[in-house]
Amino acid sequence: MNETRLLLIEDDVQMAELLMRFLKEHAMVVAHVTRPSQAMTMLAVETFDLIVLDLSLPEMDGLMLCRKIREVSDVHIIISSARSDLEDKLTGLENGADDYLPKPYDPRELLARIKTVLRRQGKMADEEVSHSRFRVDEASTQIYFDDKVLTLTLAEYEILKLLIKKANRTISRADIANSIDSHRFDSGVESINILIGRIRKKIDADNYDAFIQTVRGIGYRFVEN
């Protein structure tokens, strides 16, 4: 499968960095610009599968930029905005946007929207990692246990996905902490024990460490019974 190339047009640098780390974890190549003029220059020389476009930008309103992009390209566009005006949403869709995602949002929701848009065009296949009782569905960013969806925070999802993918291998707390892209929600080595405890309870409260074993002094290991 060819890599997915995204252009992120977002003037909130901190948010952009968070999204870029998260999307790169999901095998996406992300270019980031903060200004409409930079975006138009990038589009003239590079090809992208999808654009994530903020509306509140310097130089030009995002709705006007959406219209200018559509005049020169049929690239998919997802508008991401803190503006809740219904008129903005309708205008964005009328100007050629494929979807409209209001801020604030969980990065997993953006990922799901991206994959939905690309899947409509046959550009992305569903990705799953399965064990006998667990199934990681990266297309929907959900994890199933005995065919039931686990209700996980973003940090919990990322940690459990990592452990499942590296089943039967010991992962250090530092490596787990470094795998978490959702730094503004849960972060730091000191929080890993708490997050692991929450995940264990959500999997099987009566059999606390049946699937995630503690390796004393190192970290954790996922095993499936």
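Which residue stands opposite L6 in β3? L50 does. This is a predicted model, in which local features need pLDDT of at least 70 and side-chain atom pairs count only at pLDDT 80 or more, while totals for chains, interfaces and linings use all residues. Residues are numbered from 1 along each chain as its sequence is written, and side-chain values use heavy atoms, leaving out hydrogens and water.

L50 belongs to strand β3 (residues 50-54), which pairs with strand β1 (residues 4-9) in the parallel sense over 4 bridges. Strands here are DSSP runs of E with at least two residues, helices are runs of H or I with at least four, and both are numbered from the N terminus; two strands pair if DSSP finds at least two bridges between them. Step back and you will find 5 strands in an open sheet, ordered β2-β1-β3-β4-β5 with parallel pairing. Because β2 (28-33) and β5 (99-102) each have a single partner strand, they stand at the edges, with one side of each left without a neighbour in the sheet.

Now for the helices. Helix α2 (residues 36-45) packs with helix α3 (residues 62-72) at an angle of about 10 degrees, their axes 11 Å apart. Axes are lines fitted to C-alpha atoms, for helices over the stretch in contact, and angles run from 0 to 180 degrees between N-to-C directions. The two helices, α2 and α3, are therefore roughly parallel, a label for angles under 35 degrees. In their contact (heavy atoms within 4.5 Å), P36, M40 and L43 of α2 meet L65, K68, I69 and V72 of α3.

Terms used: Parallel < 35°, antiparallel > 145°, perpendicular 65-115°, else oblique.
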